[in-house]
Every structure is written in C-alpha cells, then in structure tokens.
Amino acid sequence: GRFGTERVHAKDPDGNAIDTSRYPGSCVWLNVYDLGESATMQRTNAVSKMFGAGVYHAGVEVFSSEWSYGFTDEPGTGVHKCRPRCAYGHTYRATVKMGFTKLDETRVSKLINALSAEWSGLD
C-alpha cells in the first residue's frame, strides 16, 4: 500500500519517469498532488490542467523526505513529513525539479524545525 514498503516512483508532468536516485540529496523536488483522493477531483484537475488551473496539494522533497503544510483540527504545527510522493489524503500527480539547496541535511532539518514552530495548523 501507500504507506508500506512500496516506493512511489517520480514522474514529470507529462508522465515520464524520473529517476530521483541519480541526483544528490540536496536536489529539491516539488511533488504535486490532486487535492484529496477522489476520482472526481482527479478528472476535474485533468480537465482544468488544459486551462492552467486545478486544485492541488504540494510537498517539497529534499534529502529523501517530503515536507508540506496543511490544516489541523488541534493546536500544533501544520508542517508534516512523509515519504516522498505519499502525502496522506492526496493523489500523487507529478514531480518537478526545483534546483539544489546549498544547506546540508542538518541545516535543512534545523530550518524545518524552526518553521514548524511558526506555522500553526490552525491558521
């Protein structure tokens, strides 16, 4: 399943496979999802995409982890970590290479921890 040992392979917006393992961990990827998991939303985004529109969720992948922000019903951070391309409650669509970070993995982790304290899930 989505949260087991299976890996969800990256693909570009045209559906072509991307071998992210060929890039260093400092490569930053944007993983795009259809909002939610319904077939209706997937169809809506497929049609809306032709017009440059749609309803999406996105996560930023760096150093083999994916980070995103979302609403929560309880106090605490809205910043969430997941396995790349496996955001809970959303349907993976595509991956876009954004470039490379100059920060090492420890500094990225510290930055995300600092941002997590500032970005409440209730906002």
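## Salt bridges, pocket and surface patch

Arg 93 has a relative accessible area of 21% and is therefore partly exposed, because the buried class ends under 20%. The model described here is a predicted one.

**Salt bridges**

There are 2 salt bridges in the structure. In one of them, Arg 93 pairs with Asp 34, and their closest N and O atoms are 2.8 Å apart. Arg 93 belongs to strand E7 (residues 91–100) and Asp 34 to strand E3, so this pair ties together parts that are 59 residues apart in sequence. Asp 34 is buried, with 3% relative accessibility.

A salt bridge also joins Glu 61 to Arg 85, with 2.7 Å between the closest N and O atoms. Glu 61 sits in strand E4, while Arg 85 sits in the loop between strand E6 (79–82) and E7; the two are 24 residues apart, and the pair links distant parts of the chain. Glu 61 counts as buried because its relative accessibility is 6%. Arg 85 is buried as well, at 4%.

| Residue | Relative accessible area | Class |
|---|---|---|
| Arg 93 | 21% | partly exposed |
| Asp 34 | 3% | buried |
| Glu 61 | 6% | buried |
| Arg 85 | 4% | buried |

**The largest pocket**

The largest pocket holds about 410 Å³ of space. It is lined by 17 residues, and those closest to its centre are Val 60, Trp 67, Val 79, Ile 112 and Leu 115. Two or more lining residues come from each of strand E3 (27–34), strand E4 (56–62), strand E5 (65–69) and H2. Sorted by class, the lining consists of 14 nonpolar and 3 polar residues, with no charged residues.

Leu 115 is placed in helix H2, which covers residues 105–118. Its relative accessibility is 35%, so Leu 115 counts as partly exposed. Besides being among the residues closest to the centre of the largest pocket, Leu 115 is part of a nonpolar patch on the surface.

**Ser 68**

Strand E5, one of the elements that contribute to the pocket lining, contains Ser 68. Ser 68 has 12% relative accessibility and so counts as buried. From Ser 68 to Glu 37 the C-alpha to C-alpha distance is 17 Å, and the two residues are 31 residues apart in sequence.

Note on methods
Residues numbered from 1 in each chain as written. Predicted model: local features only at pLDDT ≥ 70, side-chain atom pairs only at ≥ 80, totals over all residues. Heavy atoms only, no water. Patch = residues over 30% accessible without salt bridge, like charges linked within 9 Å, V, L, I, M, F, W, Y side chains within 5 Å. Areas by Shrake-Rupley, 256 points an atom, 1.4 Å probe, with all protein chains shown as cover. Salt bridge = Lys/Arg side-chain N within 4 Å of Asp/Glu carboxyl O. Helix = DSSP H or I, 4+ residues; strand = E, 2+ residues; numbered from the N terminus. Buried < 20%, exposed > 50% of the residue type's maximum accessible area, 1.4 Å probe, protein only. 1 Å grid on protein atoms, 1.4 Å probe; cavity = no way out; pocket = protein on both sides within 12 Å on 5 of 7 lines; lining within 4 Å. Points joined across faces, edges and corners; volume = space filled by probe spheres on them. Nonpolar A, V, L, I, M, F, W, Y, C, P; charged D, E, K, R; others polar.
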